[in-house]
Amino acid sequence: MSYAESGEVRIAGSAEGWRVGSVSAPGLWTSPVGWNVLVTEIAQFVKAVRKDVVALGVEPGLIPVL
């Protein structure tokens, strides 16, 4: 899947921590979180995407292992 505009998912660091946003909702960002929380959430997201890809009948190796 791809999007017409780059930056559909954005991750930005700040003095308060890491925040996640989207070009689709430019004024909205998550609350800041620490690096470990960010990495854990990204890993959970990738796991969910892999599960959905398998459910669609696509080889999960399509998504690179981080």
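## Close-up views of a predicted model

**View 1. Threonine 30 sits in the loop between strand 3 and helix 1.** Helices here are DSSP runs of H or I with at least four residues, strands are runs of E with at least two, and both are numbered from the N terminus. This is a predicted model, in which local features need pLDDT of at least 70 and side-chain atom pairs count only at pLDDT 80 or more, while totals for chains, interfaces and linings use all residues. Residues are numbered from 1 along each chain as its sequence is written, and side-chain values use heavy atoms, with hydrogens and water left out. Leaving aside neighbours within four places in sequence, threonine 30 is in contact with Trp18, Arg19 and Val20 (contact means heavy atoms within 4.5 Å). Now look for alanine 55: its C-alpha is 29 Å from that of threonine 30, and the two are 25 residues apart in sequence.

**View 2. Valine 33 belongs to the loop between strand 3 (25–29) and helix 1.** With a relative accessibility of 28%, valine 33 is partly exposed. Not counting residues up to four places away in sequence, valine 33 touches Gly17, Trp18 and Leu38. Serine 14 is 19 residues from valine 33 along the chain, and their C-alpha atoms are separated by 9.8 Å.

**View 3. Glycine 27 is part of strand 3.** Here the relative accessibility is 68%, so glycine 27 counts as exposed. From glycine 27 to valine 37 there are 10 residues along the chain and 22 Å between C-alpha atoms.

**View 4. Helix 1 has buried residues, among them Leu38.** Why do they lie on the same side of helix 1? They cover an arc of only 70° around the axis, which puts them on the same side (the arc is that of the directions from the helix axis to the C-beta atoms). Strand 1 and strand 2 (17–22) are included in what covers the buried residues of helix 1. Turned away from the buried side is a face with the exposed residues Asn36, Lys47, Lys51 and Ala55.

**View 5. Proline 60 lies in the segment after helix 1 (35–55).** Glycine 57 also follows helix 1, and its phi is positive, near 90°. Proline 60 has a relative accessible area of 28%, so this residue is partly exposed. Leaving aside neighbours within four places in sequence, proline 60 is in contact with Arg50, Val53 and Val54. Valine 49 is 11 residues from proline 60 in sequence and 8.9 Å away in space, C-alpha to C-alpha.

Note on methods. Buried means under 20% relative accessible area, exposed over 50%, partly exposed in between (1.4 Å probe, protein chains only).
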